[in-house]
Amino acid sequence: MKYHFKVHKEGKGYWAECMELRGCVTEADSMEELQRNMQEALNLYVEEPEDSKELASLPDASIHPARNIVEVVLDPQIAFAFMVRYYRIKYGLTQQQAAKKMGFDTIYSYQRLEGRHCNPSLKMITRIKRAFPDFSVDYAVSF
């Protein structure tokens, strides 16, 4: 998942705002520090509390890198967990309902998929795909 930040120079420092995520902003004294800060701000913004019913927006494919627009890649584990949550909410399911739809005995097994340290096997990805046919791992894999 690649989001886009518009970079601004202000005095001796820099600040950047994510074009797709309102309120996702950061600042730094150097471009190197700004790059790290954009990554951190993006990861924190998208990794919402589990009980939140709000979802961050998906990246806007019509935005392209330019002189003052840079792409920032979301951590793949956060991106995968976000997409699982995105599709659960898109389908109007609770975590309990999603767990049942995927054939889990307990809700805990499903909840791990929406967690930051999710590292699903191919078998697990197959379960997700059966539950949410339009789910794609493309957002979680950036290159």
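In this predicted model, the largest nonpolar core holds 38 residues, and Tyr3, Val46, Leu113, Ile128 and Phe132 touch the most other members. Two or more residues each are given to this core by strands E1 (2–10) and E2 (13–18) and by helices H1 (31–46), H2 (76–90), H3 (95–101) and H5 (122–131). Of these elements, H2 supplies the largest share, seven residues.

Helix H1 can be followed in more detail. The residues of H1 that are buried are Leu34, Asn37, Met38, Ala41, Leu42, Asn43 and Val46. An α-helix has 3.6 residues a turn, so residues three or four places apart point the same way. The partners against which the buried residues of H1 pack are E1, E2, strand E3 (25–28), strand E4 (69–73) and H2. Val46, one of the buried residues of H1, is also among the core members that touch the most others.

Arg116 sits in the loop between helix H4 (107–111) and H5. Its relative accessible area is 33%, which lies between the 20% limit for buried and the 50% limit for exposed, so Arg116 counts as partly exposed. Apart from neighbours within four places in sequence, Arg116 has contacts with Glu47, Gln77 and Ile78. Arg116 and Glu47 are separated by 69 residues in sequence, yet their C-alpha atoms are 7.5 Å apart in space.

Technical notes:
Residues are numbered from 1 along each chain as its sequence is written. This is a predicted model: local features need pLDDT of at least 70, side-chain atom pairs count only at pLDDT 80 or more; totals for chains, interfaces and linings use all residues. Side-chain values use heavy atoms; hydrogens and water are left out. A nonpolar core is a set of buried Ala, Val, Leu, Ile, Met, Phe, Trp, Tyr and Cys residues joined through side-chain atoms within 4.5 Å. Buried means under 20% relative accessible area, exposed over 50%, partly exposed in between (1.4 Å probe, protein chains only). Helices (H or I, at least four residues) and strands (E, at least two) are DSSP runs, numbered from the N terminus. Contact means heavy atoms within 4.5 Å.
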